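Subject: Structure handover

Hello,

Here is the structure for your files. My notes on it follow below the entry.

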Amino acid sequence: LDHKGSRAMKAKSALYKKGLATRTRTMGKKHVAKRHGSTDKFSLQQQQFVTEYAWGVFWSRKDLAPKIRSLVTLAMITALGKDDELRGHILGALNNGATPEEIMGVFHHATVYCGFPAANGAVRAGAAVFKELGIVK
């Protein structure tokens, strides 16, 4: 890898291409462009890894429908308290066919298993995303 860009990303392995297609379909072009927009070699390495393995291997599996995979991901991110990852995955869940009610249902259910602080943060993130998109007032 170098600062001009990843030679491996330029080569675009089949796994990378598959992952990029899945990631773009779920997260949207704007999100993917932002993540791949970094110019430092360490961030580029991470984005290549995430695109190939998280998206090319796991998100591309056929054992769970994309909507279910998104809802499960929201539950796990809530459990981990990774609010910085929630906003993007809320959009991804919507792109994969989840409704705002289903997304909030996951967050409300997380209250029992993850605790109020984690679920409260997730609900706030969901409400903010829905408001930005004009889904709720």
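Leaving out residues up to four places away in sequence, Ala-119 touches Thr-78, Phe-107, Ala-110 and Thr-111, where contact means heavy atoms within 4.5 Å. This is a predicted model, in which local features need pLDDT of at least 70 and side-chain atom pairs count only at pLDDT 80 or more, while totals for chains, interfaces and linings use all residues. Residues are numbered from 1 along each chain as its sequence is written, and side-chain values use heavy atoms, with hydrogens and water left out.

Ala-119 sits in helix α8; helices (H or I, at least four residues) are DSSP runs, numbered from the N terminus. With a relative accessibility of 1%, Ala-119 counts as buried. The cut-offs are under 20% relative accessible area for buried, over 50% for exposed, and partly exposed in between, with a 1.4 Å probe and protein chains only. Between the C-alpha atoms of Ala-119 and Lys-137, 18 residues apart along the chain, the separation is 20 Å.

Helix α8 as a whole

The 17 residues of α8 (residues 116-132) should span 24 Å at 1.5 Å a residue, and the end C-alpha atoms are 24 Å apart, which agrees. The expected span is 1.5 Å times one less than the number of residues. Buried in α8 are Ala-118, Ala-119, Gly-121, Ala-122, Ala-125, Gly-126, Val-129 and Phe-130. They lie on the same side of α8, because they cover an arc of only 165 degrees around the axis; the arc is that of the directions from the helix axis to the C-beta atoms. Those buried residues pack against α5 (66-80), α6 (83-95) and α7 (100-114). The face turned away from the buried side carries Phe-116, Pro-117, Arg-124 and Lys-131, which are exposed. After α8 comes Gly-134, with a positive phi near 75 degrees.

Helix α2

α2 has 14 residues and reaches 20 Å from its first C-alpha to its last, close to the 20 Å expected at 1.5 Å a residue. Its buried residues are Tyr-16, Gly-19, Thr-22, Arg-23, Thr-26 and Met-27. Seen down the axis of α2, they fall within an arc of 135 degrees, so they line one face of the helix. Ala-14, Lys-17 and Arg-25, on the other side of α2, are exposed. Gly-28 follows α2 and has a positive phi, near 95 degrees.

Where α2 meets α6

Helix α2 (residues 14-27) packs on α6 at an angle of about 90 degrees, and the axes are 7 Å apart. That makes the two roughly perpendicular, the class for angles of 65 to 115 degrees. Axes here are lines fitted to C-alpha atoms, for helices over the stretch in contact, and angles run from 0 to 180 degrees between N-to-C directions. From α2, Arg-25, Thr-26 and Met-27 meet Gly-88, His-89, Leu-91, Gly-92 and Asn-95 of α6.

His-89 belongs to helix α6 and is buried, with a relative accessible area of 10%. Neighbours within four places in sequence aside, His-89 is in contact with Met-27, Trp-55, Trp-59, Thr-73, Leu-74 and Ile-77.

Gln-47 lies in helix α4 (residues 41-58) and counts as buried at 11% relative accessibility. Not counting residues up to four places away in sequence, Gln-47 touches Arg-23, Arg-35 and His-36.

Regards

Definitions and conventions
Parallel < 35°, antiparallel > 145°, perpendicular 65-115°, else oblique.
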